[in-house]
Amino acid sequence: MKPGSATPIGNEIRRLRFEHGEMTQQALAAACGVTRQTILALEAGRYAPSLELAFRIARTFGVGVEQVFHWKAAVDDAPRS
Amino acid sequence: MAIRNAAWIGLLAVAGLATWLLVAGPDRLLGIDTGNAGMVLLITTTWAALYAISRMPREGGEQAVVSPGEWKAWIGLGFMVVAITYFLAHVQVFAAAGPFDNPDANRIGRNLVMLLIAWTILSSVLRSRWQGEVEEDERDRQITRQASGWGYGAMTSYVVALALVLGFSPADRLEWATHFMIGNLLVLSLMVACLFEHAAKAVLYLRDRS
């Protein structure tokens, strides 16, 4: 998935951040070892994370990956390069 | 606020003067090498701008931020634009004698090398702004990978174009193509690749934020 293009993977990061004591993007980024801009891009649906980052984010919130990320049915289901 | 704006406008004006001295100004003014003076002035204004940026408080809103990778891309792009413009503005000096008896070419080469060294130093100074923070992650690496494709493409196109010009031009039209000139034009291909890579990076980061 190219950065900047829409991704078919949706996420609940923003909701989970607020449910975890209004955790800031910076705090989540530091916990996952990425930049704040990557969290920003993830929340905006412009970037699909690697499997490793997806697990890191889920572990930070103490939930499973499938509770953070989901496949967006509305987006084109055709495989992307 | 008004003082800060005036300071930024002042810095911009000095940077403009420095670029003019470096690229289009006379070779010497009152016995001073204007290229050298322009370069020192440009590096000083860049350093002052970066220092001012590093002293600014971080924005409160979570949306208005530029990542370390994007900063590096824009600074690299700026330096490469200045370096290539300076090179092209003085390219005719490389058509003359070789490096050992061509003081003008030596002066241009020295200024270019100093400009690139200054860029490296400024980049490391800038790194201190993100001390203790993540500077690069998987998204940055993905952007870098995409951008390096643009750099490679630009360099390939440039080298092919140069080869075609040298290979198909009649000999009487290639008087400018001394060994020294061709050597320098090949160095320029590396600079062009670098320029395209930084430009692509900057655009990708910008697109990612919009």
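Trainee: What covers the buried residues of α2(A)?

Mentor: The cover includes α1 (13–19), α3 (36–43) and α4 (51–61) of chain A. Helices here are DSSP runs of H or I with at least four residues, strands are runs of E with at least two, and both are numbered from the N terminus. This is a predicted model, in which local features need pLDDT of at least 70, side-chain atom pairs count only at pLDDT 80 or more, and totals for chains, interfaces and linings use all residues. Residues are numbered from 1 along each chain as its sequence is written, while chains are lettered from A and ligands numbered from 1 in the order in which they are written.

Trainee: Which residues of α2 of chain A are buried?

Mentor: In α2 (residues 25–32) of chain A they are A:Q25, A:L28, A:A29 and A:C32. Buried means that 20 or more other C-beta atoms, placed from the backbone, lie within 10 Å of the residue's own.

Trainee: Why are they on the same side of α2(A)?

Mentor: They lie on the same side of α2(A) because they cover an arc of only 100 degrees around the axis, the arc being that of the directions from the helix axis to the C-beta atoms.

Trainee: And what follows α2(A)?

Mentor: A:G33 does, with a positive phi near 75 degrees.

Trainee: Changing topic, which residues touch the most other members of the largest nonpolar core?

Mentor: B:L22, B:V82 and B:A83 do, in a core of 29 residues. Such a core is a set of buried Ala, Val, Leu, Ile, Met, Phe, Trp, Tyr and Cys residues joined through C-beta atoms within 7 Å.

Trainee: Which element gives the most to this core?

Mentor: α6(B) does, with nine residues. A second, separate core of 12 residues includes A:I13, A:L28, A:V34 and A:V68.

Trainee: How many residues does each chain bring to the contact?

Mentor: Chain B brings 14 residues and chain A brings 17 residues; two residues are in contact if their C-beta atoms, placed from the backbone, lie within 7 Å. On the side of chain B that touches chain A, α5(B) gives the most, with five residues.

Trainee: What is the mean pLDDT of chain B?

Mentor: The mean is 82, and 90% of the residues of chain B reach 70 or more; pLDDT is the predictor's confidence in each residue, from 0 to 100. Over residues 60–64 of chain B, however, the pLDDT is below 50. Where pLDDT is low, the predicted coordinates should not be read in detail.
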